[in-house]
Amino acid sequence: MRVLVVGGSGFLGTELVRQAVAAGWETAATYCSRPGTLPGVTWHELDLRAPGRVDEVLAEVAPLAVINATSGGSDWTVTADAAFHLVAAAAKRGCRLVHVSSDAVFSGARIHYDEARLPDPLTPYGAAKATAETAVRLLAPTAAIVRTSLIVGHGGSAHERMVHALVAGTRDGVLFTDDIRCPVHVDDLASAVRELAASDQAGTFHLAGPDALSRHELGVLIARRDGPDASRLPTGRRADARMPGALDVRLDSTATRHRVRTRLRGAREFLRTG
């Protein structure tokens, strides 16, 4: 198996690369500003906003599968436009494609969203992710689109770092009690994504944990696991803060669970202490 992990130096990308190497896959990965440090990986500098460079990297690596694990945030040129160029280039070369999307494509109006539900985003990031999904469906109909939620793991995720900073008082902010998602462990997510990359399954998959938690509830679990005083976590309501975006989005992964072998643990399980 020869795989190219686009965004291999990011949080999810790093775990994808680690698992691919451990599985004996011939592994290449891209970075924008700084390559990863894992051995056994061929690193390629790639600015996704340069379509010509995308073609060059694919030609150099000649991958059987491409996993797009980039984020890009609300930068439309990276999250939407660049995804379009990557999908087109991968489809032209006949590469297996797994595209990682987000629950940000949903407004929260329905709360529960299964794999068949079409996007109705509220934020620029969600709109960019939804646009990228459309590009995948139109240009690479045999690809797999993976929607996921808050990704946590071994202390390196943005949410875990925020929890520690809030307890330590080195960061301002609150953890919302009304902002609800279905967190997933980075190990489980990477395993399921690799499973899809090695298969020929097409369509949309929801890879999220079964536990629906507020960001504050998740923060408490992280603090209890790691030792900081969870009572020091400041709380607030997103509705009161008038921040854009969905309040309650719960990815229904029922159909996906029948299509992948990897078990996606809930946060109450993988953050359990003792």
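Me: By class, what does the lining of the largest cavity have?

Reply: Five nonpolar, five polar and one charged residues. Here Ala, Val, Leu, Ile, Met, Phe, Trp, Tyr, Cys and Pro count as nonpolar, Asp, Glu, Lys and Arg as charged, and the others, Gly among them, as polar. A cavity is a set of points on a 1 Å grid, over the protein atoms alone, where a 1.4 Å probe fits but cannot get out. A lining residue has an atom within 4 Å of such a point.

Me: What kind of model is this?

Reply: This is a predicted model: local features need pLDDT of at least 70, side-chain atom pairs count only at pLDDT 80 or more, and totals for chains, interfaces and linings use all residues. Residues are numbered from 1 along each chain as its sequence is written, and side-chain values use heavy atoms, with hydrogens and water left out.

Me: Which residues line the largest cavity?

Reply: Leu48, Asn68, Thr70, Ser71, Val78, Thr79, Ala82, Ala83, Leu86, His99 and Lys129. Helix 3, residues 76-92, gives the most to this lining, with five residues. Helices (H or I, at least four residues) and strands (E, at least two) are DSSP runs, numbered from the N terminus.

Me: How many cavities of 30 Å³ or more does the count come to?

Reply: One. About 40 Å³ of space lies in the largest cavity. That volume is the space filled by probe spheres set on the grid points, which are joined across faces, edges and corners.

Me: Ala82 is on that lining list. How far apart in space are valine 54 and alanine 82?

Reply: 9.0 Å, C-alpha to C-alpha. In sequence they are 28 residues apart. Valine 54 has its place in helix 2.

Me: Is valine 54 buried or exposed?

Reply: Valine 54 is buried, because its relative accessibility is 2%. Buried means under 20% relative accessible area, exposed over 50%, and partly exposed in between (1.4 Å probe, protein chains only).

Me: Now valine 98. Where is valine 98 found?

Reply: In strand 5, residues 96-102. Valine 98 counts as buried, because its relative accessibility is 0%. Its C-alpha atom is separated by 22 Å from that of aspartate 120.

Me: New topic. How many residues does helix 6 have?

Reply: Helix 6 has 12 residues, 186-197. From its first C-alpha to its last it reaches 16 Å, close to the 16 Å expected at 1.5 Å a residue. The expected span is 1.5 Å times one less than the number of residues.

Me: How many of its residues are buried?

Reply: 10 of the 12, so helix 6 is mostly covered. The buried ones include Val186, Leu189 and Val193. Asp188, Arg194 and Glu195 are also among them.

Me: What about salt bridges, how many does the structure hold?

Reply: 19. A salt bridge is a side-chain nitrogen of Lys or Arg within 4 Å of a carboxyl oxygen of Asp or Glu. One of them joins the side chains of aspartate 47 and arginine 49, at 3.0 Å, N to O. Aspartate 47 is partly exposed at 30% relative accessibility, and arginine 49 is partly exposed at 46%.

Me: Which residue forms a salt bridge with arginine 263?

Reply: Glutamate 269, with the closest N and O atoms 2.7 Å apart. Glutamate 269 is partly exposed at 29%, while arginine 263 is exposed at 54%.

Me: Which residues are linked in a network of salt bridges?

Reply: Asp103, Asp179, Arg181, Arg215 and Arg238.

Me: Last one. Which residue has a positive phi of about 50°?

Reply: Alanine 62, although it is not a glycine. It is found in the loop between helix 2 (51-61) and strand 4 (65-68). Alanine 62 is partly exposed, because its relative accessibility is 39%. Isoleucine 111 also has a positive phi, near 70°. Isoleucine 111 lies in the loop between strand 5 and strand 6 (112-113). At 31% relative accessibility, isoleucine 111 is partly exposed.

Technical notes
On a 1 Å grid over the protein atoms alone, a cavity is a set of points where a 1.4 Å probe fits but cannot get out, and a pocket is an open set with protein on both sides within 12 Å along at least five of seven lines; lining residues have an atom within 4 Å of a point.
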